[in-house]
Amino acid sequence: MDADERAAIMEEVRRTVRDVPDFPKRGILFRDITPVLANPSLFGKVMMALAAPFESAGITHVVSIESRGFILGAPVALELRAAFVPVRKPGKLPSATVREDYTLEYGTDALEMHADALYGAKGVLVVDDVLATGGTAAATCRLVERAGGTVFACAFMIELPALGGRAKLAGHRVESLISY
Ligand code: AMP
């Protein structure tokens with residue numbers, strides 16, 4: 001994919017993502033990706049644009065975060081011919097898990113991954129829809145390492161740079177398609 005093609009996709013994504021003010025609570029401007037998913041041609045191009053920087057990177061596993069991350073991570077994993085590994089909210093995964101707690105604006109939350117999903121994996125790509133404060137992606141990177149894997153990079157469709165997520169992922173390569 002050349003730079004012009006990538007720029008055209010970015011522009012189309014920017015026009016298509018729907019901004020919903022005050023969702024899920026007052027003061028949050030929610031970036032709704034469902035209009036992108038509803039456009040199969042654009043959805044396909046987004047998937048290709050997310051995967052393209054890693055075509056020759058030796059990615060063996062794509063790790064994605066419940067639930068919108070799954071929508072993007074699964075096709076990216078297929079495109080890169082890599083294993084897909086789900087990260088889920090506590091209590092959802094059936095086999096032995098590793099767990100990471102992380103801080104939210106109010107309180108804490110936790111994420112789990114199957115303990116045997118990644119052992120020794122050197123080329124792990126973490127994929128999610130939006131990088132906001134970075135708490136979710138940082139907890140996912142810690143899970144990858146706890147499970148014996150190595151994060152190669154994190155890739156997002158949308159980055160909200162004002163919220164400082166990139167700093168929370170310091171030490172990891174971060175790619176995002178568009179930022180606001
Ligand atoms: P964070 O841990 O703050 O980086 O938040 C990341 C998660 O929250 C992502 O999985 C997003 O799906 C979701 N998220 C946070 N802020 C927004 C937003 N403004 N619009 C859409 N999704 C968001």
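Is Glu 100 buried or exposed? Select it and find out. Glu 100 is buried, at a relative accessible area of 13%. Buried here means under 20% relative accessible area, exposed means over 50%, and partly exposed lies in between (1.4 Å probe, protein chains only).

Before moving on, note what is loaded. This is a predicted model, in which local features need pLDDT of at least 70, side-chain atom pairs count only at pLDDT 80 or more, and totals for chains, interfaces and linings use all residues. Residues are numbered from 1 along each chain as its sequence is written, and side-chain values use heavy atoms, with hydrogens and water left out.

**Stop 1: around Glu 100**

Keep Glu 100 selected. It sits in strand E5 (residues 97–103). Helices (H or I, at least four residues) and strands (E, at least two) are DSSP runs, numbered from the N terminus. Now show Arg 142 and Arg 146. The side chains of Glu 100 and Arg 142 make a polar contact of 2.8 Å. A second polar contact, of 2.9 Å, links the side chains of Glu 100 and Arg 146. A polar contact is a pair of N or O atoms within 3.5 Å; within protein, one must be able to donate a hydrogen and the other to accept it, and residues adjacent in sequence count only if both atoms are side-chain atoms. Leaving out residues up to four places away in sequence, they are Asp 109, Ala 110, Leu 111, Ala 139, Arg 142, Leu 143 and Arg 146. Contact means heavy atoms within 4.5 Å.

**Stop 2: the sheet**

Switch to cartoon. Find the open sheet of five strands, paired in parallel in the order E4-E3-E7-E8-E9. Its edges are strand E4 (83–87) and E9, each pairing on one side only. Neighbouring strands are turned by 20° against each other on average, direction ignored. Two strands pair if DSSP finds at least two bridges between them. Zoom in on strand E3 (residues 61–65) and strand E7 (residues 124–131): their parallel pairing runs over four bridges. His 61 stands opposite Val 124 in E7.

**Stop 3: helices on the sheet**

Select H3. It packs on the sheet, touching E8 and E9, and its direction makes about 145° with that of E8. Next, H4 lies across E3, E4, E7 and E8, at about 140° to E7. Axes are lines fitted to C-alpha atoms, for helices over the stretch in contact, and angles run from 0 to 180 degrees between N-to-C directions.

Go back to helix H3 (residues 40–51) and check its length. At 1.5 Å a residue its 12 residues should span 16 Å, and the end C-alpha atoms are 17 Å apart, which agrees. The expected span is 1.5 Å times one less than the number of residues. Colour the buried residues of H3: Leu 42, Val 46, Met 47, Ala 49, Leu 50 and Ala 51. These buried residues pack against helix H1 (3–16), helix H2 (34–37), helix H4 (68–79), strand E8 (151–159) and strand E9 (173–179).

**Stop 4: the cores**

Which residues have the most contacts inside the largest nonpolar core? Show Val 13, Val 46, Val 62, Val 76, Leu 80, Leu 125 and Met 157, in a core of 28 residues. H1, H3, H4, E7, E8 and E9 each supply at least two of its residues. H3 gives the most, with six residues. Apart from this core lies another, of 25 residues, among them Ala 139, Val 144, Ala 147 and Cys 154. A nonpolar core is a set of buried Ala, Val, Leu, Ile, Met, Phe, Trp, Tyr and Cys residues joined through side-chain atoms within 4.5 Å.

Centre on Val 62. Its contacts include Gly 73, Val 76, Leu 80, Phe 84, Leu 125 and Val 127.

**Stop 5**

Select Phe 23 and Pro 24. A cis peptide bond joins them, with omega about -5°. Pro 24 lies in the loop between strand E1 (18–21) and strand E2 (29–32). Asp 22 is in the loop between E1 and E2. Its phi is near 60°, positive in a residue other than glycine. At 43% relative accessibility, Asp 22 counts as partly exposed.

Jump to Glu 66 and Ser 67. The peptide bond from Glu 66 to Ser 67 is cis, with omega near -10°. Ser 67 lies in the loop between E3 and H4.

End at Arg 81, in the loop between H4 and E4. Arg 81 has a positive phi of about 50°, although it is not a glycine. Arg 81 counts as exposed, at 69% relative accessibility.
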